[in-house]
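Let's take a look at how aromatic rings pair up in a protein model. Keep the sequence and the 3D view handy as you read.

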Amino acid sequence: MKIRNQKHFVTAIIMEIIAIVCLITFLYNQETRYILAFLLTFIYGIISFYNSSNRKGSIEVASRNMDERDILLVMKTDKTTLRILNYILLAGSLISIVLYSLYHSIIYITLIITFTAIMFIQLAILFFVNIYYEKHA
């Protein structure tokens, strides 16, 4: 089986893991909502496995119709989107720090940790993707 669409393949693996967790939870709790969740995620995972081997990736389809100018436009759009998202996360983190200093509520610490964790995860993903494309491009 050749994987033609990695997005569907990763989705299928995640759905199957969630299905196994739902099945184990059902075996412990015996509640019908867990078996329904198991069935839905298991079926979705099977469909995603099928789509990963039968559908072409969106990059393959789009690259046939794109010229250099379109590729540059997509790259600039992605960079600007990532920059705006980083600014939003940084602003949320700084606002949470100010609000924590004013009100001393634990919820603001949770927000600070969440925002900074997302920023560090984005940074790590950016580095790994950059290394990957430097070696495979």
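## Aromatic pairs

This model is predicted, and it holds 3 aromatic pairs. One of them is formed by Phe9 and Phe49, whose rings sit edge-to-face, with 5.8 Å from centre to centre and 70° between the planes. This pair links distant parts of the chain: Phe9 belongs to helix α1 (residues 6-29), while Phe49 belongs to helix α2 (residues 32-54), and the two are 40 residues apart.

## A pair of tyrosines

Now for Tyr132 and Tyr133. Their ring centres are 5.2 Å apart and their planes meet at 75°, so this pair is edge-to-face. Why does that angle settle it? Because planes over 60 degrees apart count as edge-to-face.

Tyr132 has 42% relative accessibility, so it counts as partly exposed.

## A look at Gln122

Is Gln122 buried or exposed? Its relative accessibility is 17%, so Gln122 counts as buried. The cut-off behind this is simple: buried means under 20%.

Which residues does Gln122 touch, not counting those up to four places away in sequence? The answer is Leu82, Leu85, Asn86 and Leu89.

Notes:
Residues numbered from 1 in each chain as written. Predicted model: local features only at pLDDT ≥ 70, side-chain atom pairs only at ≥ 80, totals over all residues. Heavy atoms only, no water. Phe/Tyr/Trp six-rings, centres within 6.5 Å; stacked < 30°, edge-to-face > 60°. Helix = DSSP H or I, 4+ residues; strand = E, 2+ residues; numbered from the N terminus. Buried < 20%, exposed > 50% of the residue type's maximum accessible area, 1.4 Å probe, protein only. Contact = heavy atoms within 4.5 Å.
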